[in-house]
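Subject: Structure handover

Hello,

Here is the structure I promised to pass on. Please open it first, then read my notes below.

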Amino acid sequence: MSEGESVRVAVRVRPFNAREKERNAKLCIRMEDKTTTIINVEEDKEKKFTFDFSYWSHDGANERPDGYNEPAGEGMGTDGATYADQDAVFKDLGQGVLNNAYEGFNSCLFAYGQTGSGKSYSMVGYGTNKGIVPVSCDAIFKKIDEMKASPDAGKFQYQVTIQMLEIYNEQVRDLFAKTNPTGGLKVRMNPKSGVEVVGLTEWPVGSYREIDERIETATKNRTVAATQMNATSSRAHTVVTIAYTQLELNAKGPGKHSEKKAKINLVDLAGSERAESTGATGDRLKEGAAINLSLTMLGNVITALAEKSNNPNKKVLVPYRDSKLTCILQDALGGNAKTIMICALSPADINYEETLSTLRYADRAKQIKNKPKVNLDPTEVLIQQLKEENERLKKMGGAGGGADEEEVRKQMEKEIADKLEQMNKGWEEKLKEAQERAAAEGADGGNENKRKETEAHILNVHEDPVLSKAIVYFFPDGKETAFGNRNSAGGEDILLGGLSIRPDHCRVKNEGGKLSLSVREQCKVLVNGQEMPAGTTELNHNDRLSLGTNYYFVVVNPPQVASPPEGGWPDVDWDFVNREIAKAQGLSVDVNWSAMTEEEKRRALLNDELVQVMPRVTEANALALEMKRGISFETKITPVMTKHQGMISQVMVKVRKTDTGIEWLWDKVKFINRVYIMREHYEKMQEGTLDLSTMAQEEDPFWDPNDFMNMGYSTVFLKPIAYCMNIDDDYSIYHETQQDGVVKIKIEPCRPDGTRISEEDEGPYDDIDNPKDLIGKRLDVLVNIQYARGLNNKYSKEVYCEFEMFKAPNPQHEEGKFQTATMSGTTNPNFNYSQQVTWQSVDADVVQHLETGSVYFHMWGLQDDHSGGSAPTKRKLLTAQEAEAIQHDLKKKDEALEKEKQRLYSLCDQCVAGAQGNEATSGFLCAIADTLADAGVDVTRLLELANNVQPMGGGG
């Protein structure tokens, strides 16, 4: 064992998926030996990375009759690559993990990559293509059987336990438990035994079949929790921990055993999407979501560990405790473990940025060095430590302290006592207890499988294929089955949580194998994508049933299975269900990609984005309604100006405040990020751990400050400038394809000093007969934005116009844009703006742009927020001198106001004194009171006196 062993890193590229094939995606990955090359197809540039293993699983495979994918032959893949099958990956990675465990070393295998890149295939696999987790578990027991058959078998005992947890929203859930405490399990740092998850089930197993059953149970528990919270497994981390213990019996004398124990952590990390590639970096709550925290912190830990390994003498703080994931995996990341990371890559050029990000992550990870050691006799040491700790806690009992401290002490004492009891139990006893519990669960599962063969039922459909069809609800013959909300149960048979599920939501009746669905008023139920009105409708085998906003099911009716429609029963998955719903809402989802023009392909891509976003918009509206946020959401396709592609259409979400009418536009990634935070808040609200009325506005995922909105744009073609001629016209302002006002724009060539060129004068461009004559010369133009008329009244609070010129950026602006001053309180602003724009040396690209291109003038407006929430981001930053001058002026004004206030109070006192001396008339006092009241003076006493004063000469 060498000092400071590096983390071993492998990368694996998958085949194109159906969607990438539809889009004629180009291959952007090449592999040769240990080197992986990523190609930027658009720019024809390459980046090379070297890892311990580079696995080519993109093509070059042959499918055997049993469904297993094996190499078609040496060098049969693209560019002579050879297909790497599941067996090759296991021999390099999985077998290495097991060999480490047999020697007593802790091991860890991470799977990392964006959602859909093939992590689950490498870790779990499917069918005969089993992944590292099932093959490793099977191999452990094959090894045990081999050793039990050896001549020395009687000297040894082998023990295997399994734990399985999930980290979602920074909450740790025990996947072997049907229910978990509010807020999840606690993670605690024990200075002697290391990190521990309090209350996590450790399940003894005696065979691979028992492990398989445990994982199946965990998957079902995980599916129930995920469906109730509308969580997606792609945003959760799953950790399977297998503890392998070898006992050499009586090695230290009668009844005293020598022990070698190793832990194997198999970690499937959440999807590593690069949110910034689509603009979510601008969201103030981007890292506010707990769901993003673990991966962010894992990146920080890997960066810190890489720096520490590269600079051994430098003190580097590694932030393990910043997230639950990094805390739990502290040993695996930078301590006592042999660690392997497998990074899954997408081969498609449309995922270039995400794949490059994954490769860079992997490149950092390979710099980390761990110092693993053999774990000898850990149980014996731990028992002694626990006994000492227990005695210490007992002695603390009489040492005083508050009631809370005493409660904590008792709880810890109980935990330690329970641990000691388990550790002092014999292995055979613990294994027998576990097998009895599993048998009881298995009896239920076996009964369930038999019922599935004959009885009508529904199976869940989930975004993650692993979690699909894990939940089953039966419809017994001759019975009506009612669905209701678990938070307001009223005797229904099936209780569901989550959004938009009402009491007695709907009912399904089974009469002799014929199913009928009854829906109540205002209860959301979809069948095959169509919303069902109140009443009764027929249900058939393979129908898709959607309840509320979270629940998607497929109907299974065994009597009808044998009578499929022409073409057979379609395979129902998450994509199928959502495309069907989108189609019912009028979107085109059945397209022939190969027969499309480029414009049609762009529209189809937008359509696909809408299909992805619309279910979340429905969910966001339901969340806003249940949480009483007064916000509505709707999808929009909006033209957006980009630097490299010009004006393009993007799927956006319009957010509207229902009380004031204020609107925002969120891009897709920002919106999805916000939905995750909305879910977190909803869950906390349901648990009673979040009071929405006291939540700070800045933490509210439904809120954004009132910011400038794009009111529309005008397109000005620049061809006259290419011939050094003037442009001068009123241009229509278009907002979402509708004309919404006009803007007066003039663009004219000018002299270098900014002065205009009259027709009579000789100018610097008199010799320009052809646009190409401009190449190599300086070109100056004056851009005049004189006024805008007929703007939308909604945005009249503040208005400005903005533009940018190709290859002539504004050096005073961060993004190179030019903009007018802001006009307030008008829909017909007079900007009277003039700006010189200069190309110091015109090149061929500029000439082409002038001849064929255009400049977009964007109108921006601030809405009137009657709730007082206006907080525009377009503001001038003050210098220290300006701020000091303003403070000085304010101080002088405050002093003047204070003097005026004192003078007015003095006048009031004089009036009161005069009235008491009967020296003023009632009318005069009332007039004085009105003047003083306008200045903010309390005139109550003065008015009382005015009402009671006797008129002059009227007294007796």
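R64 counts as partly exposed, because its relative accessibility is 32%. This is a predicted model, so please read every value here as computed from that model. The side chain of R64 meets that of E70 in a salt bridge, with N and O 3.6 Å apart. E70 is partly exposed too, at 23% relative accessibility.

A search of the whole structure finds 37 salt bridges. In general, side chains of opposite charge can pair when their charged atoms come close.

Two further pairs deserve a look.

Start with E663 and K794. Their closest N and O atoms are 3.0 Å apart, and they form a salt bridge. E663 sits in strand β34 (residues 663–667), while K794 sits in the loop between β38 (779–789) and β39 (798–803), so the bridge ties together parts that are 131 residues apart in sequence. Is E663 buried or exposed? E663 counts as buried, because its relative accessibility is 11% and the cut-off for buried is under 20%. K794 is partly exposed, with a relative accessible area of 30%.

This pair also belongs to a network. Salt bridges link E634, K654, R656, E663 and K794.

Next come K744 and D728. Their side chains meet in a salt bridge, at 3.0 Å from N to O. K744 lies in strand β37 (residues 738–749) and D728 in strand β36 (residues 727–735), so this bridge joins parts 16 residues apart in sequence. K744 is buried, with a relative accessible area of 16%. D728 is partly exposed, at 41% relative accessibility.

Now the helices. Please find α18, which covers residues 844–852. Which of its residues are buried? They are V846, V847, H849 and L850. These residues cover an arc of only 160 degrees around the axis, so they lie on the same side of α18. Q848 and T852 are on the other side of α18, and they are exposed.

What do the buried residues of α18 pack against? Their partners are α17 (719–722), β38, β42 (830–839) and β43 (854–862). The N-terminal end of α18 has a cap, D843. A side-chain oxygen of D843 lies 3.2 Å from the backbone nitrogen of D845.

Helix α14 (residues 574–584) packs with helix α15 (residues 598–626). Their axes are 9 Å apart, and the angle is about 100 degrees. The two helices, α14 and α15, are therefore roughly perpendicular to each other. On the α14 side, N578, R579 and A582 make the contact. On the α15 side, D608, V611 and P615 make it.

Last, the whole chain. The protein has 956 residues, and 47% of them count as buried. Its secondary structure comes to 21 helices and 43 strands. How much of the contact pattern comes from residues 24 or more positions apart? Among contacts with a separation of 6 or more, such residues account for 66%.

- the salt-bridge network of E634, K654, R656, E663 and K794;
- the bridge between K744 and D728;
- the buried residues of α18, including V846 and L850;
- the packing of α14 and α15.

Best wishes

Key:
Residues are numbered from 1 along each chain as its sequence is written. This is a predicted model: local features need pLDDT of at least 70, side-chain atom pairs count only at pLDDT 80 or more; totals for chains, interfaces and linings use all residues. Side-chain values use heavy atoms; hydrogens and water are left out. A salt bridge is a side-chain nitrogen of Lys or Arg within 4 Å of a carboxyl oxygen of Asp or Glu. Buried means under 20% relative accessible area, exposed over 50%, partly exposed in between (1.4 Å probe, protein chains only). Helices (H or I, at least four residues) and strands (E, at least two) are DSSP runs, numbered from the N terminus. The arc is that of the directions from the helix axis to the C-beta atoms. Contact means heavy atoms within 4.5 Å. A polar contact is a pair of N or O atoms within 3.5 Å; within protein, one must be able to donate a hydrogen and the other to accept it, and residues adjacent in sequence count only if both atoms are side-chain atoms. Axes are lines fitted to C-alpha atoms, for helices over the stretch in contact, and angles run from 0 to 180 degrees between N-to-C directions. Angles under 35 degrees count as roughly parallel, over 145 as roughly antiparallel, 65 to 115 as roughly perpendicular and the rest as oblique.
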